[in-house]
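Student: I have a model open and would like to go through it by question and answer. Where do we begin?

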Amino acid sequence: MKIKVAELNGLALDLAIGALKGASWSPSSRVPYSGDWDHGGVILSENKMEFDFDEDSQLYSAYDGFSCGVGETHLIAACRCVLTTKSGEEIEVPDEILALN
């Protein structure tokens, strides 16, 4: 199913980043890019980004010079930003992954 990158979270967001890196969409291949700095920090080191925090919405924005990602944390915003830049505003996510999310 096509889903907006801005709506991806949890398992689906992590697996989408993994898919960009050549991993499968299998839950067993999940790397917690969006929730663990040990793994998600790699996203930041591989992609030059600037961040902003909106006090009103309590959301972070990540900018890489091409796209913007917004999320509840730096890592979620960074993951959404990278996905938008590399895959567009919508991506195809297997239905079974969305059902697990």
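Tutor: We begin with a term: buried means under 20% relative accessible area, exposed over 50%, and partly exposed in between, with a 1.4 Å probe and protein chains only. The model is predicted, so local features need pLDDT of at least 70 and side-chain atom pairs count only at pLDDT 80 or more, while totals for chains, interfaces and linings use all residues. Residues are numbered from 1 along each chain as its sequence is written, and side-chain values use heavy atoms, with hydrogens and water left out.

Student: Is Phe53 buried, exposed or partly exposed?
Tutor: The relative accessibility of Phe53 is 29%. Because that value lies between the cut-offs of 20% and 50%, Phe53 counts as partly exposed.

Student: Which aromatic ring pairs with that of Phe53, and is the pair stacked, edge-to-face or tilted?
Tutor: Rings of Phe, Tyr and Trp (its six-membered ring) pair if their centres lie within 6.5 Å; planes under 30 degrees apart count as stacked, over 60 as edge-to-face and the rest as tilted. By this rule there is one aromatic pair. The rings of Phe53 and Tyr60 have centres 4.7 Å apart and planes at 50 degrees, so the pair is tilted.

Student: In what order do the three strands of the open sheet lie?
Tutor: Strands are DSSP runs of E with at least two residues, helices runs of H or I with at least four, and both are numbered from the N terminus. Two strands pair if DSSP finds at least two bridges between them. Five bridges join β2 to β3, and the pairing in the sheet is antiparallel, in the order β2-β3-β4.

Student: How many of the residues of α3 are buried, and what covers them?
Tutor: The cover includes α1, α2, β2, β3 and β4. Among the buried residues are Leu75, Cys79 and Leu83. Helix α3 is largely enclosed by the rest of the structure, because the buried residues number 10 of the 14.

Terms used: Contact means heavy atoms within 4.5 Å.
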